[in-house]
Amino acid sequence: MTAISKTTNGGPPHENLAKGLGIFSFALGIPQVLAPGRVNRMIGVRDDAKSRMLMRAVGLREIAAGVGIFSRRHPTEWIWARVAGDTMDLALLGSALRSKSRQPARTLAATGAVAGALAADLVDGLRLSRSQDGQHEPGSSVQLKAAITVRRDRDELYASWRDFERFPDFMAHLEEVSSTGPDRSHWKAKGPLGTDVEWDAEITEDVPGERISWRSLEGAKVENSGTVRFIPAPGNQGTEVHIELRYEIPGGSVGALIAKLFGEEPAMQIKDDLRRFKQIVETGEIARSDGAPEGQLNKRQLKPRPAHPLADDELAGAGIGGGS
Amino acid sequence: MRATVWAGRNKVEVENVPDPKILNERDAIVKISSTAICGSDLHLYDGYIPAMRKGDILGHEFMGEVVETGRGVSNLKLGDRVVVPFPISCGYCNACTRGLFSLCENSNPNASLAEKTYGDTTCGIFGYSHITGGYAGGQAEYARVPFADVGPIKIESDLEDEQVLFLSDVFPTGWMGAEMCDIQPGDVVAVWGCGPVGQFAIASAYLLGAERVIAIDRFEYRLKMAREKAGAETINYEQQPVREALREMTGGRGPDHCIEAAGMEAHHHNPGMYAYDRVKQAARMETGRSYALREAIFNCRSGGTVSISGVYGGFIDKFPIGAIMNRSLTIKTGQCHVQRYLRPLLQRIENGDIDPSFIVTHRMSLDDASNGYETFKHKQDECVKVVLTP
């Protein structure tokens, strides 16, 4: 129903540590597979057929992790695989120390080295996991795409979308959009800690029934632009609504604030916005449950309230007046 | 009001919570007269469905009286007696218009959560975790029913609650399990699991023209119900090897269609096999134990249909895709699109083709819900179905 992609420009400096860990995996894995006996002697464990086999297996695992880190755009999972591998190695070395270590000092040194690697893997794993969750570096731009199919014809959807003042009905982070001229509007968004972010925007392209583009005017703290396109869906299923948004995240403290505002989970946020749009158009209302009384809301999905009816003050807090 | 809430794994409590209110124009409030515990509630009770929160009201099989309606509900009046289907469905989106009500694109406010888990969203479901929307359930005195202009079916005849209550879920679920088999004259259908859904799958297979239905379970009292009430031939898998018995009973062909009505907490007669999957499930390395499903696939006649009505929450292990591919088996499944079946099945009940109340073994007060869950879970006292009265 929805598709999404997200790109950030600028280099990925946070992936350098991951690449380093990938090289480390190869450097460790290749000798383990090719010369397990030597590695055994180096770390001071008994060198026999069984321990060589184990060493080869550990080496293969390291090589797999190395290949994984280099071949995937998001090496996060492989870094976590390294964390698991390190933990296993520590357990093996621990049992070697207890039973069959020939040279406990060497085994102890190897244990220290693995513990160090584990620490680096953990740091990198945590950092990559966080950045994958959608946080953005100030100074970069974020581009978001999403699509949804709505069972209405495109002229009707175009008309709802052309009325920017209705955006806050389904765009969760917007507080108010007011028209200031035929092609101009003033936007007000909710910021963190009760702050507001405001800017002016203009329509840059308007093809009735097909497409609308807009961009922020000079002076906006966060430069942004967007395009929405309406394409007939095959088989009389209505209209595909494709949206593209682009935000330039400025540097400095404003940038950090803006990154937080648009950046916590921008991909999910825009998808949720499109779902709310579809709900309003198709059903006339926003689906609300006891666990998610505000309706589709990213924050709420990560932290639902219990699924039992809300008391009156809680209902007021969720902005619900009642529909009866 | 009083309501049955999930209080952690293997724990439910009856608590006082605020009364539900109309939140949207298409809502109604129903004062519940009868509500049942479903086998799928046990998956929540046992902690195998993720995204449960303490305080969630359980229950998705309920009926009662309309006591309040939103402005957008014109088809229901105060005082109407209604059965509420478990899927919450808008009735307008592309899924609903194709009759796929349990795939409603608009009713799950936690659609992103469901999309992360399942690849795309499902409909909202009453009392069935936050993945299906975080809606309060119906094991309570009252429930808020969204899209009340589409879901609930009015009961205008003088049928007892227990005769129509199961239209909310288990009767249509069993019916859809049989319907998915596309039964032709002469077909033999095998049903794994003789809980409520299995019983209705057996009865429905006969109503849809099956020549014979063979039911498989390990509880003699459930097999007895399948024989005496639903008319099946039976196999107790703890006493006889299923494969040999099925081959013998079908002249070596195997059943033409197999309905899996056991789900992700199935049992296996071999303690080693059971332990293997039980441990993997406990370690969350798989979320379902799928013996019944594997057996259904392996034993189905080549070219036949395996219809899955049992509930699965995530991933299973050792899925015999080779048997499916090489023997041209068709797999069909889905949460029941209940709204599609309400009218025709109510008609069947009114005609006297079936009286669904035969599955009820226990009647309790809502206040005894905790006892009801334990009795049902451990199959104590020959339990098949518990109905609670608020």
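In what order do the strands of the open sheet of chain B follow one another? In this predicted model, the order is E12-E11-E10-E13-E14-E15, six strands with parallel pairing.

**View 1. Pairing of E14(B) with E15(B).** Strand E14 (residues 305–308) of chain B runs parallel to E15(B), with 4 bridges between them; B:Ser307 has B:Lys332 in E15(B) as its bridge partner.

**View 2. Strand E8 of chain B, covered on both faces.** In strand E8 (residues 142–145), B:Tyr142 and B:Arg144 are buried on one side, while B:Ala143 and B:Val145 are buried on the other. Strand E3 (residues 28–37) of chain B pairs with E8(B) in the antiparallel sense over 4 bridges, and B:Ile29 stands opposite B:Arg144.

**View 3. The contact between the two domains of chain B.** The domain assignment gives domain 1 (2–168 + 336–389) and domain 2 (171–333), whose centres, taken over C-alpha atoms, are separated by 25 Å. Domain 1 brings 22 residues to the contact and domain 2 brings 21 residues. On the side of domain 1 that touches domain 2, helix H1 (residues 39–45) of chain B gives the most, with 3 residues, and by class this side has 13 nonpolar, 4 polar and 5 charged residues.

Technical notes: Residues numbered from 1 in each chain as written. Chains lettered and ligands numbered in written order. Predicted model: local features only at pLDDT ≥ 70, side-chain atom pairs only at ≥ 80, totals over all residues. Pairing = 2+ DSSP bridges. Helix = DSSP H or I, 4+ residues; strand = E, 2+ residues; numbered from the N terminus. Buried ≥ 20, exposed ≤ 12 C-beta atoms within 10 Å, placed from the backbone. Domains from an automatic or database assignment. Contact = placed C-beta atoms within 7 Å. Nonpolar A, V, L, I, M, F, W, Y, C, P; charged D, E, K, R; others polar.
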